[in-house]
Amino acid sequence: MGSSSQGSAAVAAARVDLCALDFVPVFAKEMIAGGVAGAFSKTAIAPLERVKILLQTRTNEFGSLGVLKSLKKVRQHDGIKGFYKGNGASVLRIVPYAALHFMAYERYRCWILNNCPSLGTGPLVDLLAGSASGGTAVLCTYPLDLARTKLAFQVNSSDQLSTALKRASPQPTYGGIMDVFRGVYSEGGVRALYQGVGPTLMGILPYAGLKFYIYEGLKAHVPDDYKSSVTLKLSCGAAAGLFGQTLTYPLDVVRRQMQVQNQQQHGQFGGPRITGTFQGLIAIKQTQGWRQLFAGLSLNYIKVVPSVAIGFTAYDTVKHFLKIPPREK
């Protein structure tokens, strides 16, 4: 008798939980789905992200090394944990970033459909909504991205080249995210926490828009019977990431170099201090060569395929699990 009543209570509790999910606002569900998708995708490619940042910024030490040799060097000096240095800040940044990015995309998309009927309902809506949501998410989470880059920039190396570089251009050593915030704020105030945000916005606006434009556009041409296929979602996400990143990658290089510039040192990269997006593009081309604008791009291709693919697929999967209603057409 007792076991029967306990079973009934468990069933009732499950029904209550299931019904409680229906009372969660749609925007909150979208944020949860986006945050989970961001955490999954970022952790999966953390080692490649670390090496990419080193290739973009530590040109004297890693510029002549390939992807595999760079991975070996990081493992030699920092161990397995070195592959995930800065990943805590990266995940801490990507969860709110992805949550805001996906949620804002859905909200901007609805707003455009309801208030700008002249734009129609095609991919242009996804392009505009994706761009606007990317900019919104960047402005809200940029200091965390700055902390992630500064932590990933550090390498515990004892070789002569690294020692000479540290003497010539000493960089502060950070112990964690809050340590980065305190150090950067003491050097330049709140403005220093947004160092490099210009190139970031110039890169993220077209990239975020193109990403949603391509992903949703490809999905729209797929028969309804295949739209739930995980393989198809992964393929669409990979194509969106590859195309978007190729067009905006030089801006990402400028952003990274701006972020790791020492506040008191000039000429760290063999040229003038980078102060703006276009000035940075010209300065890097003149002092480091045009190839440096695409340093780490091959690695980025390897990284973007699983990252964007996993992100979109995880988002759609969690949306289905949370019973988020279909988008407006």
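Reader: How many disulfides does the structure hold?

Author: This is a predicted model, in which local features need pLDDT of at least 70 and side-chain atom pairs count only at pLDDT 80 or more, while totals for chains, interfaces and linings use all residues. Residues are numbered from 1 along each chain as its sequence is written, and side-chain values use heavy atoms, with hydrogens and water left out. A disulfide is a covalent bond between the sulfur atoms of two cysteines. With the criterion of a pair of cysteine sulfur atoms within 2.5 Å, the number of disulfides in the structure is zero.

Reader: Is cysteine 236 buried or exposed?

Author: The terms rest on relative accessible area, computed with a 1.4 Å probe and protein chains only: buried is under 20%, exposed is over 50%, and partly exposed lies in between. Because its relative accessible area is 7%, cysteine 236 is classed as buried.

Reader: And is cysteine 110 buried or exposed?

Author: The cut-off for a buried residue is under 20%. Since cysteine 110 has a relative accessibility of 18%, it counts as buried.

Reader: Which helix has the highest confidence?

Author: Confidence is given as pLDDT, the predictor's own figure for each residue, from 0 to 100. Its mean over the protein is 80, and 83% of the residues reach 70 or more. Helices are DSSP runs (H or I, at least four residues) and strands likewise (E, at least two), numbered from the N terminus. The lowest mean, 47, belongs to helix α8 (residues 160-168), and the highest, 92, to residues 26-44, helix α2.

Reader: How many contacts beyond four places in sequence does the model have for residues 158-162?

Author: A contact means heavy atoms within 4.5 Å. Over residues 158-162 pLDDT stays under 50, and the number of such contacts in the model is eight.

Reader: Which residues form a nonpolar patch on the surface?

Author: Valine 36 has its place in helix α2, and the patch that includes this residue has about 280 Å² of accessible area together. Accessible areas come from the Shrake-Rupley method with a 1.4 Å probe; for residues, only the protein chains shown count as cover. The members of the patch are Ile32, Val36 and Phe40.

Reader: What separates the C-alpha atoms of threonine 317 and serine 228?

Author: Threonine 317 lies in helix α13 (residues 297-321), and because its relative accessible area is 42%, this residue is partly exposed. Along the chain, threonine 317 and serine 228 are 89 residues apart, whereas their C-alpha atoms are separated by 9.1 Å.

Terms used: Patches are made of residues with over 30% relative accessible area and no salt bridge: like charges are joined within 9 Å, nonpolar side chains (Val, Leu, Ile, Met, Phe, Trp, Tyr) within 5 Å. A salt bridge is a side-chain nitrogen of Lys or Arg within 4 Å of a carboxyl oxygen of Asp or Glu.
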